[in-house]
Amino acid sequence: MRGTGGAGAAGATGTGAGVGAGNGVGAGGGGVNLLALRSHNAALVLDLLRTAGDEGISRLELAERTGLTPQAVSKITARLREDGLAAEAGRRASTGGKPRTVLRLVPEAGHAVGVHLDRDEVRVVLVDLRGTVVGERRAALDLGAGAEAVLGAVGETVTGVLLAGLDGGSGLGSAGFDGGSRPGLAGFDGGSGVGSAGFDGDSRPGSAGLDGDSSPGSAGSADAPRPGLARLDPALLGVGVALPGPLDHVRGVLHRVTGFPGWDGFPLREALAGRLGVPVVVDKDTNAAALGLAAGGEGGSFAYLHLGTGLGAGLVIGGSVHRGARTGAGEFGHQVIQLDGPPCTCGDRGCVEALCLGAVARGDLDEAARVLGAGAANLVGLLDIDVVLLGGRTVAAAPEAFVGGVGAVLEARARRTGEDAVPVRVTAGGDGAVAVGAAQLVLGPVFGRGDG
């Protein structure tokens, strides 16, 4: 939740022109009554509507929490209702005067796709504006099969999820859209990108490249026009893709993915945006999962440790995903804890990943958990985080063994240092946390979360 002490000068005129990443906002993240930041204000209101749930929130409460004037909130909410993004949720008794009308978010008014591109499978989810999963599909995949095969598998699986949603009567393409058009997202239709999600130039939701008549501006493709996914779901905002690193989150370009050097330098965001016809955001699997957990209410500073076909960490420090100066933070699995240990796919020896996966392959989950705990203890010592969260398919298959083993190592560390032991939990999303988090890469900027 953002602070309520924003700079709320009078004179806001509602929503309209979009605002890209890098514009300053008021202290504490409150509303700013400046014409150039009207979409920032709309995002603040949308986020409060999202967190209010079905119970809704009144315009007066929105004004108090954002620091905006009541007049500005009225204009913003009128636009949100006009675009089908907000609706009345009844009336609430007030301490004086007539009952207040409360508003709620219309979750089906927008969708995002999250893709978890793993070494041996692709998992795709379709979520609504609240982040609720409304469709899911997974398929076998070989990340080493080459770009064309992998991109084809992603496109086919994403299309399958959208078609299943249409067939299943989930309301895709409806939600108050007139004549099949999609909403303008209240201020994001002024010709600028949607925050910092990697939708650069004009490749934003609602721009020309999204209606299937041409490829999006971010793709830079000179190919013939392709039908876009927005034809299947007019409410689709974009696709978030999460996969093993290292990679360049800002440019959407892969570096030498551990074990798959053939992807080094591949422009994944550009290639997928051109193929799918919608904006695409790319990030590491662990960063995406951490973002999704933070958006879902996990507070403070935490480390998400993902153990599946590999091992990595997503770090949230002070409420924001920590990617590092070169977006390379979180290569947790490649810290060396045993000199001259077994070789790792990264080219080093004695890495946490090699030792942990080796123990898993032998069926020694106690040893795997102990190794994972040693790495987690290093993180706790370096970053002084609040909680360690575990996820990934290997953890999901034996959650008690990993929570108990990692927890025992952290408790032993706490006894040595005299500190309280950092708690260890399994993520609620299980092995689906990465795909859900990937969808949040798209949704984040819509709600004013710059991490997306």
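Predicted model: local features only at pLDDT ≥ 70, side-chain atom pairs only at ≥ 80, totals over all residues.
1. The protein chain has 452 residues, and 55% of them count as buried. Its secondary structure comes to 11 helices and 15 strands.

2. On contacts and surface: take the contacts in the protein chain with a separation of 6 or more, and 62% of them come from residues 24 or more positions apart. The chain exposes about 17,500 Å², with carbon and sulfur atoms supplying 50% of that.

3. Now the charges. Side chains of opposite charge can pair when their charged atoms come close. A search of the whole structure turns up 18 salt bridges. Three of them are worth a walk-through below.

4. Start with arginine 393 and glutamate 121, whose side chains meet in a salt bridge at 3.8 Å, N to O. Arginine 393 sits in helix 9 (residues 393-397) and glutamate 121 in strand 5 (residues 121-128), so the pair ties together parts that are 272 residues apart in sequence. Are these two partners buried or exposed? Glutamate 121 is buried, because its relative accessible area is 16% and the cut-off for buried is under 20%. Arginine 393, at 30%, counts as partly exposed.

5. Next, look at arginine 275 and glutamate 148, which form a salt bridge at 2.7 Å, N to O. This one links distant parts of the chain, with arginine 275 in helix 5 (residues 268-276) and glutamate 148 in helix 4 (residues 147-167), 127 residues apart. Glutamate 148 is exposed, with a relative accessible area of 54%, while arginine 275 is partly exposed at 29%.

6. Then there is glutamate 298 with arginine 425, where the closest N and O atoms of the salt bridge are 2.6 Å apart. Which parts of the chain does this pair tie together? Glutamate 298 lies in the loop between helix 6 (285-295) and strand 11 (302-307), and arginine 425 lies in strand 15 (residues 424-426), so the link joins parts 127 residues apart in sequence. Glutamate 298 is partly exposed at 21% relative accessibility, and arginine 425 is also partly exposed, with 37%.

7. Leucine 383 belongs to helix 8 (residues 365-383) and is partly exposed, with a relative accessible area of 35%.

Conventions
Residues numbered from 1 in each chain as written. Heavy atoms only, no water. Helix = DSSP H or I, 4+ residues; strand = E, 2+ residues; numbered from the N terminus. Buried < 20%, exposed > 50% of the residue type's maximum accessible area, 1.4 Å probe, protein only. Contact = heavy atoms within 4.5 Å. Areas by Shrake-Rupley, 256 points an atom, 1.4 Å probe, with all protein chains shown as cover. Salt bridge = Lys/Arg side-chain N within 4 Å of Asp/Glu carboxyl O.
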